[in-house]
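Please look over the sequence and the model shown here before reading on. The paragraphs after it are meant to be read with both in view.

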Amino acid sequence: MSSITDVAGIRVGHHHRLDPDVTLGSGWASGTTVVLTPPGTVGGVDGRGGAPGTRETDLLDPINSVQHVDAVVLTGGSAYGLAAADGVMHFLEEQGRGVALEGGVVPIVPAAVVFDLPVGGWQCRPTAEFGYAAARSAGTEVAIGTVGAGTGARVGVLKGGVGTASMTLDCGATVGVIVVVNAAGDAVDTATGLPWLAYQIEEFGLVPPPADQIAAYADRHLEYSPLNTTIAVVATDAVLSSAGCRRVAVAAHDGLARTIRPCHTPLDGDTVFALATGAVEVPPDPTTPASMSPEVPLITQVGAAAADCLARAVMVGVLAAESVAGIPTYRDLLPGAFE
């Protein structure tokens, strides 16, 4: 399986708590996902939802002073879950990672949250211990589905989760994505029971499910809740500036728009981070007009790949999810799509 850790130096860790007897609104069903970066990684961010829950995103503005990112935290728990970033900072401080100042280091750890509090108990949200444990467990193997920040995730009326994907470009750079699919909108068309993107139907080996299953799926939308968010991290090994990373994050949102309807609403916090490790130097295109930044062609390539990877990662997360607190999975409601 392709994953964000195909970008050399990127590591991912999850930590979650899921009670075996959790019921909707009672019990633990939340967690944290951490993306650790190699030293010297540049970052950017773009938020398109109207109700984001974030931390340290202003630092990623290209006009500001700090250039490098040590980790990105994706977590459940709504705004309370931002506390998980404290644990990641503690872990990185132990490793000597961060902005070196007289007396110590200050790790740079942007974060974003999903709203999963109604799935488990309102008091069951990630703490600093979750962030520390996720960072400590980080590696190159990336678990998907109902793990980490995707433990209590939903997508429309279905169970959501964590998805990942990557691709290598002709220029030699690699682009990878990890996403927590917790959308208010649907990743599956209520008229067909299949993904919105036609090519994903074949890509994932799906077939049109029976009409009665489609009707049952559509009927479940009486349970629709608009208070959700999809958050993601894009990584590349190409050399990009912080402004270039921001443009990649902007382009990556197209992947959400292709696979989730609606997205970027006033009631969600859809946010995408972009990271560039700088390990691969791509020669500038000599045909680029002198009045333009020489990285424009590379930003275009990486941004397009980021959108494609994010679109795929969304469906990977949806299809890998396991039921929690009675929230059905895609396979539960539309098993005919796999026949």
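The model is a predicted one, in which local features need pLDDT of at least 70 and side-chain atom pairs count only at pLDDT 80 or more, while totals for chains, interfaces and linings use all residues. Residues are numbered from 1 along each chain as its sequence is written, and side-chain values use heavy atoms, with hydrogens and water left out.

The sheet is open and consists of five strands in the order β1-β2-β5-β8-β4, with mixed pairing; two strands pair if DSSP finds at least two bridges between them, and helices (H or I, at least four residues) and strands (E, at least two) are DSSP runs numbered from the N terminus. At its edges are β1 (11-18) and β4 (54-55), each of which pairs on one side only. Strands β5 (residues 71-75) and β8 (residues 111-113) run parallel and are joined by three bridges, and Leu74 has Ala112 as its bridge partner in β8.

Helix α1 (residues 84-94) packs on this sheet, where it touches β2 (29-36), β4, β5 and β8, contact being taken as heavy atoms within 4.5 Å. The direction of α1 makes about 150° with that of β5; axes are lines fitted to C-alpha atoms, for helices over the stretch in contact, and angles run from 0 to 180 degrees between N-to-C directions. Helix α2 (residues 128-136) lies across β1 and β2 and runs at about 50° to β2. The buried residues of α2 are Phe130, Gly131, Tyr132, Ala133, Ala134 and Ala135, where buried means under 20% relative accessible area, exposed over 50%, and partly exposed in between (1.4 Å probe, protein chains only). These buried residues of α2 pack against β1, β2 and α1.

One of them also takes part in an aromatic pair. The structure holds four aromatic pairs, defined by rings of Phe, Tyr and Trp (its six-membered ring) whose centres lie within 6.5 Å, with planes under 30 degrees apart counted as stacked, over 60 as edge-to-face and the rest as tilted. Trp28 and Phe130 form a stacked pair, at 5.4 Å centre to centre and with 20° between the planes. Because Trp28 lies in the loop between β1 and β2 and Phe130 in helix α2, the pair ties together parts that are 102 residues apart in sequence. Trp28 counts as buried at 12% relative accessibility, and Phe130 counts as buried at 9%. Tyr330 and Phe338 form an edge-to-face pair, at 5.6 Å centre to centre and with 70° between the planes; here Tyr330 is buried, with a relative accessible area of 1%, whereas Phe338 is partly exposed, at 27%.

Another packing to follow is that of helix α5 (residues 242-259) with helix α6 (residues 296-320), which meet at an angle of about 35° with their axes 7 Å apart. The contact includes Gly244, Ala251 and Gly255 of α5, and Gly303, Ala307 and Ala311 of α6. The residues of this contact divide into eleven nonpolar, four polar and four charged, where Ala, Val, Leu, Ile, Met, Phe, Trp, Tyr, Cys and Pro count as nonpolar, Asp, Glu, Lys and Arg as charged, and the others, Gly among them, as polar.

Finally, Ile231 lies in strand β13 (residues 231-238) and counts as buried at 0% relative accessibility. Among the residues that Ile231 touches, not counting those up to four places away in sequence, are Leu74 and Ala112, the bridge partners that join β5 to β8.
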